[in-house]
Amino acid sequence: MNVLVINAGSSSLKYQLIAVEEHKVLAKGNCERVGTSESFHKYGLGDNTYIDKVEMPNHDFAMREVLKSLTSGPTKAVDSLDEIDAVGHRVVQGGKYFDRSVIVDEEVIRKIDELAELAPLHNKAAIMGIRACQKGMPGKPMVTVFDSAYFYTLPPKAYLYPIPYDIYEKHAIRKYGAHGTSHRYVAQRAADFLGKPIENLKIITCHLGGGCSMSAIQGGIAVDTSMGLTPLDGLMMATRCGGIDPSILTYWMQHDGVTPQEMNNFLNKQSGLLGISGISGDMRDITEAMNAGDERAQLAYDMLVYSVRKYIGQYMGVMGGVDVIVFTAGVGEHQTNLREDVFKGWEALGVEIDPTLNEEAHGESIISSDASRVEVLMIPTDEEYAIAKDTYDLIHCD
């Protein structure tokens, strides 16, 4: 069964065509800067990769480019659209409605739209992706896979905020989390890699990329996570502030006359690594500047490391210990220095990194030393396959 996985952003459309039973990527690409005069389509596998500058005024046009590249030209993966059995869509926020992946219908789309203010950068874009697929492949079965669904298992003491309970009941203000598809995938892969039943493990998963989140997973069940009502809460991120004193917002707005819309932009797009360093939200740029002696870049890096250390400590307390700690996503998989710095001085807590294993880690790898009581792993995430598998399971069984 071939599943087309779509991850739509406000000005982008990423995709992969996956043969689910073989766990094989048949094609992939990304339409970038959609809606601008600089739009382009990057697509292909390995050395067979192309970049076309093409006019894509909206996601419908981007979808046309995707389908053309899948069925013709040098990256042709299938003879016709009939060979694409279903489409899986990544949706960040499922809110109070969705505790699992579901088959798309108009009611599902309506609820995704209703929840858009909880993930303003993502849910509206997901709908654009769904509508573009409906136009480009009418009648093709589709599934939505929600980042927040994995965290429906959180107990009330973890997902409630200490605000008046009637406000929670009125507006459903609670922790929903995000990146759940990634956390679910790498936790299970970690257990499989170690050859141990996930039901017997206490796992902390660290998804560190442009967005950063961490989760406590006990016996295969998520019991806490760092992102909250929206993906803004928790760890410091590339351009998001993470958890801060709520009074900062009212203080700042009163003194500088900042509007709610402006504040949302400040906290989501101008904070985090970018806000502290003044250089970039990209860890590669931060590292280069650190190595050149830039003090603010070093401070931004140190703050992120400190943030990760704090959450690991919290989740060890929540679960009464930890058996496995997993690093994943762009920063988690590629920043060897960050992984080592997170655990400096933790030998007394049973965590010790092997510098050589850490430096040489590639693919699914153990990076902890033989003396470490806690297994520390690097597991590349594969959210696209997890989405394809959920889509396969729902359509195959429907």
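**Salt bridges and a surface patch**

Good morning. R131 has a relative accessible area of 32%, so this arginine counts as partly exposed. Please keep in mind that the model before you is a predicted one.

I begin with the partner of R131. This residue forms a salt bridge with E106, and the closest N and O atoms are 2.9 Å apart. Because E106 belongs to helix α2 (residues 106–114) and R131 to helix α3 (residues 123–136), the pair ties together parts that are 25 residues apart in sequence. E106 is likewise partly exposed, at 47% relative accessibility.

R110 counts as partly exposed at 42% relative accessibility, and E114 is partly exposed at 37%. The two also take part in a network of salt bridges that links them with E107 and K111.

Elsewhere, R284 and D282 meet through their side chains in a salt bridge of 2.7 Å, N to O. R284 counts as exposed, with 62% relative accessibility, whereas D282 is partly exposed, with 25%. Across the whole structure, the search finds 18 salt bridges.

I close with nonpolar residues. F193, L357 and I366 form a patch of this kind on the surface, with about 210 Å² of accessible area together. Of these, I366 is found in strand β13, residues 365–366, and counts as partly exposed at 30% relative accessibility. Thank you.

Note on methods
Residues numbered from 1 in each chain as written. Predicted model: local features only at pLDDT ≥ 70, side-chain atom pairs only at ≥ 80, totals over all residues. Heavy atoms only, no water. Patch = residues over 30% accessible without salt bridge, like charges linked within 9 Å, V, L, I, M, F, W, Y side chains within 5 Å. Areas by Shrake-Rupley, 256 points an atom, 1.4 Å probe, with all protein chains shown as cover. Salt bridge = Lys/Arg side-chain N within 4 Å of Asp/Glu carboxyl O. Helix = DSSP H or I, 4+ residues; strand = E, 2+ residues; numbered from the N terminus. Buried < 20%, exposed > 50% of the residue type's maximum accessible area, 1.4 Å probe, protein only.
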